[in-house]
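Hi,

Here is the structure I promised to pass on.

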Amino acid sequence: MAELRAVVMRPDLERLGRYDPDRVRRRLRDGFRPEHTSVVLVGGAFAGGVALRPAEDGHWLEHFYLAPGVQGRGLGTAVLRALLSRADATGTAVRLDVLQGSPARRLYERHGFRVESEDATDVLMLRPPMVRPPA
C-alpha cells in the first residue's frame, strides 16, 4: 500500500514541489492502522485501499488510493458510497485532507464534502452526515 501511495500521489506532490520518495512511503507506514483499513480488490487482485478512522468529532477518511489502471471506472465512487453509507447510518461526520489541485477533490465534492480550511498544500474537507427522511 505504501508503494501504491507513492505512485498515486507522485504527480500532485511533484506539482507542489513536495515529492520525497522516502517520506511519501514513510507517512503511510507511520499512520497505517490495519483495524480501520479496507483493501480494495478487483478480480481478486489488489487494486487499492482506504481507511476510515474514528475520531472524537467523526471519522477521518485516510489513505484512499486506487491503482492507476482501475481509476476512472466508478470504483472510487462505489468505495466512497459504501464508506459514507456506514457513516450516515451512525450519524457521523467524515473529514479528509486532499492535496491542492488533486483531481480527487472533485470526487469528494460530488459526495457532499465541502472545504473546511485550506492552505497552499492541503485542503481539509468535511461531510456532515446525510439525514435520510423517515420511510
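Leaving aside neighbours within four places in sequence, which residues is Leu124 in contact with? Before the answer, a word on the ground rules. This is a predicted model, in which local features need pLDDT of at least 70 and side-chain atom pairs count only at pLDDT 80 or more, while totals for chains, interfaces and linings use all residues. Residues are numbered from 1 along each chain as its sequence is written, and side-chain values use heavy atoms, with hydrogens and water left out.

Now to Leu124, which sits in strand β6. Helices (H or I, at least four residues) and strands (E, at least two) are DSSP runs, numbered from the N terminus. With contact meaning heavy atoms within 4.5 Å, the partners of Leu124 beyond four places in sequence are Trp60, Leu96, Asp97, Arg114, Val115, Glu116 and Ser117. One of them, Leu96, is 28 residues away along the chain, with 5.8 Å between the C-alpha atoms. Leu124 has a relative accessible area of 28% and is therefore partly exposed (buried is under 20%, exposed over 50%, partly exposed in between, with a 1.4 Å probe and protein chains only).

Next, the nonpolar cores. A core here is a set of buried Ala, Val, Leu, Ile, Met, Phe, Trp, Tyr and Cys residues joined through side-chain atoms within 4.5 Å. The largest has 22 residues, and Leu61, Phe64, Leu80, Tyr108 and Phe113 have the most contacts inside it. At least two of its residues come from each of β2 (45–55), β3, α3 (75–89), β4 (94–99), α4 (104–110) and β6 (122–127). The largest share, 6 residues, is supplied by α3.

The axes of α1 (residues 2–15) and α2 (residues 21–31) come within 9 Å and cross at roughly 130°; axes are lines fitted to C-alpha atoms, for helices over the stretch in contact, and angles run from 0 to 180 degrees between N-to-C directions. That makes α1 oblique to α2, the class left over once angles under 35 degrees count as roughly parallel, over 145 as roughly antiparallel and 65 to 115 as roughly perpendicular. The contact involves Ala2, Glu3, Arg5, Ala6, Met9 and Leu13 of α1, and Val24, Arg25, Arg27, Leu28 and Arg29 of α2.

Two residues of strand β3 are worth a look in your viewer. His63 is found in β3 (residues 58–66) and has a phi near 50°, a positive value in a residue other than glycine. At a relative accessible area of 13%, His63 is buried. Leu66 is also placed in β3, and its relative accessibility of 9% means that Leu66 counts as buried. Beyond four places in sequence, Leu66 touches Leu4, Val8, Val40, Ala47, Gly48, Gln71, Leu75 and Gly76. Leu66 and Arg86 are 20 residues apart in sequence and 20 Å apart in space, C-alpha to C-alpha.

Finally, a loop residue: Ser102 lies between β4 and α4.

Happy browsing, and best wishes
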